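I opened a model today and kept notes.

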Amino acid sequence: MGLMASINEEVAALLREYAELLGLTGGDMFRTRNYERAAKSVGGYPEDIGAIPDTALTKIPGVGSSIAGKIAEYRRTGTIKAVDDLRAEVPPGALLLAKVPGVGPRRALQIAGQLGVTSVGELDEAVRSGRLRSVAGFGPKSEERILRGIAVAVSDAALREALRALPDGATEDDIYAVLAAHVPTGAAGEREREHALVRGKDLRGDLHTHTDLTDGIVSLPGMIAAAEQRGYEYYAVTDHAPNLVMQRMTDEKMLAQRDQLRALAGSTGMTLLHGTELNIAPDGSVDWDEDFLSGFDICVASVHSSFEQDRATMTKRFVAAAENPRVNVIGHPLTRKIGRRPPVEADLDALYAACARTGTALEINASPDRMDLPPQHIAAAREAGVKFAIDTDAHSLVDLTHMPYGAAAARFGGLTSADVINAWPLGRLEEFLRKGR
Ligand SMILES: [Zn+2]
Ligand SMILES: [Zn+2]
């Protein structure tokens, strides 16, 4: 078991590094995405890939002949030449710098190449000493952004490490203990004594999930079967909408998926909801018009671009999305990735008020890399009358098991089942999704 975990992990790490190197060196983004998916798939593969014959490697989801060739090469030689070649092209430290929030691939290459900066500490020093300004294209604005990024990386480092150190199958109580130790507390403790706070077992379904129609790695029937094993009463499939260009969604693909999902309804005890994850455009509009949106059972809407908008513009953007009569849930609301991407700047009170007024839920995204809405904000949103959806945003079978992270965050924020729409019976949930229609 230990050995098996290690070769799968080794290969996954190399494929992930290859994807990162491709991203850094301006490689084709579809190709980059394919390697990311393959890395995820290999990392979570239940069998020992050291023992699979070369010709059968393509049975691993997301592994085509080219990636299978690289896996076979690794097993034979202990290395992948394509990865070594790309490594040699990139100055030391660039890969690491690209992960600092606010730096990005192009700037990471410049900084590492021209200043010889190889660590976050050196980057901090280069900004503060004014050395960064000697690099073309860097001024006060980029200095400020990079320092803010370093602050996020540093301040979230302890939480990120503690979450990463949790074993697979960590319990809600384990996760709650991490939050209690690393997240600034609100009024959570007080409430616990008076109310029965929501627990994972109270959740009746997952309202934000993906399949291999977009960037998930598992088929629609595969995801549904795994969800059913979790004992859910209902389950929403919400693949990405077309404005996230990389996902190559079309109206036809979405409608074909809906037919496939309706056809599967008879073979599961769960109620299947056909949904989508819309993209909230910089002006607050979404991918499709009212007419097309009316065909969905549920719409999640998320910010996937223009993260750097100023506070007033970002607030208007969120309010417009909440006011859309077809938007039910704001997905991963602050778009933060713990230690990797700072939260967007918005007037949270205005966001909460708009959600409460329009019957739009805020998501508690249960992914341990996100935990967004961040736990420290949940209590204030509840006070403002917001309802919540606790979702895994699953792209794989492993992701479906992350619900305890969301449940622990909800408990940290003092939520009861009354606050959480996916703790409600189907009829009540459906009424909420109608937004007063
Ligand atoms: Zn999203
Ligand atoms: Zn998603």
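How far apart are the zinc ion (ligand 2) and the zinc ion (ligand 1), and which residue coordinates both? I found them 3.6 Å apart, with E277 coordinating both.

Before going on, I noted the ground rules. This is a predicted model, where local features need pLDDT of at least 70, side-chain atom pairs count only at pLDDT 80 or more, and totals for chains, interfaces and linings use all residues. Residues are numbered from 1 along each chain as its sequence is written, chains are lettered from A and ligands numbered from 1 in the order written, and side-chain values use heavy atoms, without hydrogens and water.

**Entry 1: the metal site.** I looked up the protein donors of the zinc ion (ligand 2) (donors are N, O and S atoms within 2.8 Å of the metal, or 3.2 Å for Na, K and Ca). They are H208 (NE2), H210 (NE2), E277 (OE) and D393 (OD), at 2.1 to 2.2 Å. Along the chain their spacing reads H-x1-H-x66-E-x115-D. H210 sits in the loop between β1 (205-206) and α12 (220-229), and D393 in the loop between β7 (388-391) and α18 (397-400), so this pair ties together parts 183 residues apart in sequence. I took helices as DSSP runs of H or I with at least four residues, and strands as runs of E with at least two.

**Entry 2: two helices.** Helix α2 (residues 29-43) packs against helix α3 (residues 65-77) at about 55 degrees, with axes 11 Å apart. Axes are lines fitted to C-alpha atoms, for helices over the stretch in contact, and angles run from 0 to 180 degrees between N-to-C directions. On the α2 side, N34, Y35, A38 and V42 make the contact (heavy atoms within 4.5 Å). On the α3 side, S66, I67, K70 and I71 do.
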